[in-house]
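Dear colleague,

I am handing over the structure below, and after it I set out what was found. Please keep it open beside the text as you read.

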Amino acid sequence: GMPSEGEWQIYEPAPAPMNAEAMRHMVRELSGGDGRIRVALYDWNYSFDPATPPYDRPENRSWASYKRDGSYSSTWACTTFTQWWPKVDAMPNYLDPGYLGFYLGQLAKLPRVYGTGAVYIDAEVGQCYADWASHTWFQPYDQYDFKRKYRLASGDNLPLIKNTPNSPYVSGGYWEGRGLVPAAEAEANWRTVGAKILADKIWQYESRWTALMGGNRGDKVPNYANYIVGLGFKPHAMTRLQEYPLSRAAYEMRHCRLAADRFAPCYWRGDATELEVYPVEVGDALVLNCVSHAAETASHTVTLAGGGRFDGRRPLWSWVVEVDTTAEMPEAMQEDYRRIEAEGGYPDADPAAVARWRHRRISRLAVPAAEVPAGQGVAVEFTAAPRLLYSVVLSELPLAVLSHGSDTVQMLLPGVAEVVFSDHQIDGNRHRVTVESRLGTTVGALAPWSGVAVDGKAVTPEESGVAGIASGVRLEPGTHRLEFSL
């Protein structure tokens, strides 16, 4: 059971004693006492030590799962985790009402015993396994029933976090396992890897809920960065500090949703192609995020059928953004990075060094904005280097967010996570759009504009400093009405 006093043993990162009061003190210190931070307790629910109470009681023997020979079904026996847990373990039987009631009751006690505000349960319980003692079989749908019962027992007082990106009844997900695919295998089987990751995006059932993608972007999955940016997942902590621009790009895309538009080529529909394409919506824009798996730099064309959201009644623009998802920090900035680490990390380091490091742009305009002829389908041609991310953008607004607050915005889109464009009206060649930002923003024009006004007052755009974007205007924090002519 869950000890409210006394000591117990922990094994990670090294064997050491722990006591309940020390745990409560740690939770209080981490939460800060102001209610804005919830401290989650980690729990491994895939095994227990059958020699400890209350599991060792004869009446609780049915709480464990058993093999045909009557020995315990063991989680660790089939893994390399025995280095962490040297004792005998037993896999719990979640179909046993006694065990399930006990486990849910223990979790419900967490806020009272330790003061925790959430629980992270490791090891998704969806794998199928048999208990030969009771002749029952734990099925994938049983995991959902377990989580449903958890939510009923805990209500909203103890949000559940799981290492699964797409599960009902959970408040957060941790996407663990995709980063375990060897690089050569992932590249050779990119269609299979991509389809599995796409399935997790399909299951994203609420726009503010995004999965944290496990693994790292280096030697594990070569297209890790392309997936977190292209499909709007949160980057793992192993995405190193010095790769801030990459994390920033993923953060900007975190609210994107899959689009239903019919496009080509589409590998999961069986098209013969070396181009991996995912259609997502970012605000009012349709973005086709593309990765080339050709051996060398090659020309590609993506097409979109006419009609649908782009029915020809309003102007439509297209452009292509290249995001260098393989870029490391330039050598010239390495010394800045070393200084930042030596001085305690951001924000305590030298401001100039931090600015050079975090405002580095890893995106560029690969194909300038062009107006799409009305009444026709869309065809955009671009040249792609292997394994970089290319965003084919289709929007009625040829505008791009260049900054938010003091941060450089990477994706060159009309609206990102923190900057919202709405109420776009067109009168002839005159455009009016509402722009909302919490920290202030710079908006650049991808097509020649004139007669620019903010909240009814004429302004003079300034040079943007971004190739292919001639000028932009700075908007203060809040909501503004931007007007211009094209």
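**What was found**

Ser-73 is placed in the loop between β3 and α2, where helices (H or I, at least four residues) and strands (E, at least two) are DSSP runs numbered from the N terminus. This is a predicted model, in which local features need pLDDT of at least 70 and side-chain atom pairs count only at pLDDT 80 or more, while totals for chains, interfaces and linings use all residues. Residues are numbered from 1 along each chain as its sequence is written, and side-chain values use heavy atoms, with hydrogens and water left out.

With a relative accessibility of 10%, Ser-73 counts as buried; here buried means under 20% relative accessible area, exposed means over 50%, and partly exposed is in between (1.4 Å probe, protein chains only). Leaving aside residues up to four places away in sequence, Ser-73 touches Ser-65, Tyr-66, Lys-67, Asp-89, Ala-90, Met-91 and Ala-130, a contact being heavy atoms within 4.5 Å.

**The protein as a whole**

The protein holds 10 helices and 28 strands, and 50% of its 486 residues count as buried. Among contacts between residues at least 6 apart in sequence, 67% join residues at least 24 apart.

Helix α4 (residues 140-154) has 15 residues and reaches 22 Å from its first C-alpha to its last, close to the 21 Å expected at 1.5 Å a residue, the expected span being 1.5 Å times one less than the number of residues. Its buried residues are Asp-142, Gln-143, Phe-146, Lys-147, Tyr-150 and Ser-154. Seen down the axis of α4, these buried residues fall within an arc of 140°, so they line one face of the helix; the arc is that of the directions from the helix axis to the C-beta atoms. On the other side of α4, Tyr-141 and Leu-152 are exposed. The buried residues of α4 pack against α2 (97-108), β4 (118-122), β6 (136-138) and β7 (160-162), and just after the helix Gly-155 takes a positive phi of about 60°.

Helix α2 has 12 residues and reaches 16 Å between its first and last C-alpha, close to the 16 Å expected at 1.5 Å a residue. Its buried residues include Tyr-99, Leu-100, Phe-102 and Tyr-103, and the buried residues of α2 pack against β3 (40-44), α3 (110-113), β4 and α4.

In helix α6 (residues 190-202), the 13 residues should span 18 Å at 1.5 Å a residue, and the end C-alpha atoms are 18 Å apart, which agrees. Trp-190, Val-193, Gly-194, Ile-197, Leu-198, Asp-200 and Lys-201 are the buried residues of α6. They cover an arc of only 155° around the axis, which puts them on the same side of α6, while the face turned away from that buried side carries the exposed residues Thr-192 and Ile-202.

**The nonpolar cores**

A nonpolar core is a set of buried Ala, Val, Leu, Ile, Met, Phe, Trp, Tyr and Cys residues joined through side-chain atoms within 4.5 Å. Of the 60 residues in the largest such core, Val-229, Leu-399, Phe-421 and Leu-482 touch the most other members. The largest share of this core, five residues, comes from helix α7 (residues 224-230). A second, separate core of 30 residues includes Tyr-46, Leu-110, Ile-121 and Phe-138.

**Backbone features to look at**

Most residues other than glycine have a negative phi, and most peptide bonds are trans. The peptide bond from Pro-53 to Pro-54 is cis, with omega near 0°, and Pro-54 is found in the loop between β3 and α2. Another cis peptide bond joins Ala-264 and Pro-265, with omega about 0°.

Although Asp-423 is not a glycine, it has a positive phi of about 50°; Asp-423 lies in strand β21 (residues 419-427) and, at 44% relative accessibility, counts as partly exposed. Asp-455 also has a positive phi, near 55°, and is found in the loop between β24 (450-454) and β25 (457-458).

With best wishes
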